[in-house]
Amino acid sequence: ISVQGDSVSFEMNGVPGNPQFKGTLSKDAKSLAGQFSQGGGTIPFAVTRTGDAKFEPLPKSTPITKDLEGSWEGSLDANGTILRLLVKLANGPDGAANGTMISVDQGGAELPIAAVVQTGTHLKLVVQAIAGTYEGDFKDGQLTGTWTQGPATLPLVFKRPPQSK
């Protein structure tokens, strides 16, 4: 993110199509307007703040049990478009879990999971780069839960890929 006077620009590294925004902040600092580009296309883009800014701190990653480590795959039905997802989870050297998420059908970019939190059989994954969150419960060898991104909350089940542990 770059801010110089009233000019604002940002790029989303690691996201398919190299999304970029270049715009101008209004004099009252309540709106931002400019051009959003991704994958060779450019469209006008504007946002307006309607209330006070709210900050939710990122949860701190916790260790995960061995039965959650490894690869998981699932399919997200986004209004009739099926998006295959691959999640890889592991405990790091510091003991806290980390992971990545790949949207196979959206260019295969590997996005870091910013927070992995296990509480009992419940798992929460925060993919900050795309403002997405998965929350599910581990039962019978699979994770059953929901994917939330923007105003959408969709059911999502993760299972082990064939020949994965």
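1. The loop between β2 and β3 holds N18; strands here are DSSP runs of E with at least two residues, numbered from the N terminus. The phi of N18 is near 50 degrees, a positive value in a residue other than glycine. N18 counts as exposed, at 56% relative accessibility; the classes are buried under 20% relative accessible area, exposed over 50% and partly exposed in between, with a 1.4 Å probe and protein chains only.

2. On the basis of the note: this is a predicted model, in which local features need pLDDT of at least 70 and side-chain atom pairs count only at pLDDT 80 or more, while totals for chains, interfaces and linings use all residues. Residues are numbered from 1 along each chain as its sequence is written, and side-chain values use heavy atoms, with hydrogens and water left out.

3. D140, which is not a glycine, has a phi of about 55 degrees and is found in the loop between β12 and β13. At 74% relative accessibility, D140 counts as exposed. As background, most residues other than glycine have a negative phi.

4. K139 has Q142 in β13 as its bridge partner.

5. T100 has P112 in β9 as its bridge partner. The two strands form a hairpin with six residues between them, and G107 in the turn has a positive phi of about 90 degrees.

6. The largest nonpolar core has 23 residues, of which L89 and F158 touch the most other members. Such a core is a set of buried Ala, Val, Leu, Ile, Met, Phe, Trp, Tyr and Cys residues joined through side-chain atoms within 4.5 Å. Elements giving two or more residues include β6 (70-78), β8 (97-103) and β14, and β7 gives the most, with four.

7. F158 counts as buried at 1% relative accessibility. Among the residues it touches, not counting those up to four places away in sequence, are W72, L85, V87, M101 and Y134; contact means heavy atoms within 4.5 Å.

8. The whole structure holds five aromatic pairs: rings of Phe, Tyr and Trp (its six-membered ring) with centres within 6.5 Å, stacked if the planes are under 30 degrees apart, edge-to-face if over 60 and tilted otherwise. F10 and F21 are stacked, at 5.3 Å centre to centre and 25 degrees between the planes. F10 lies in β2 (residues 7-11) and F21 in β3 (residues 20-25), so this pair ties together parts 11 residues apart in sequence. F10 counts as partly exposed at 24% relative accessibility, whereas F21 counts as buried at 1%. The rings of Y134 and F158 have centres 5.0 Å apart and planes at 80 degrees, so that pair is edge-to-face.

How values were computed
Pairing = 2+ DSSP bridges.
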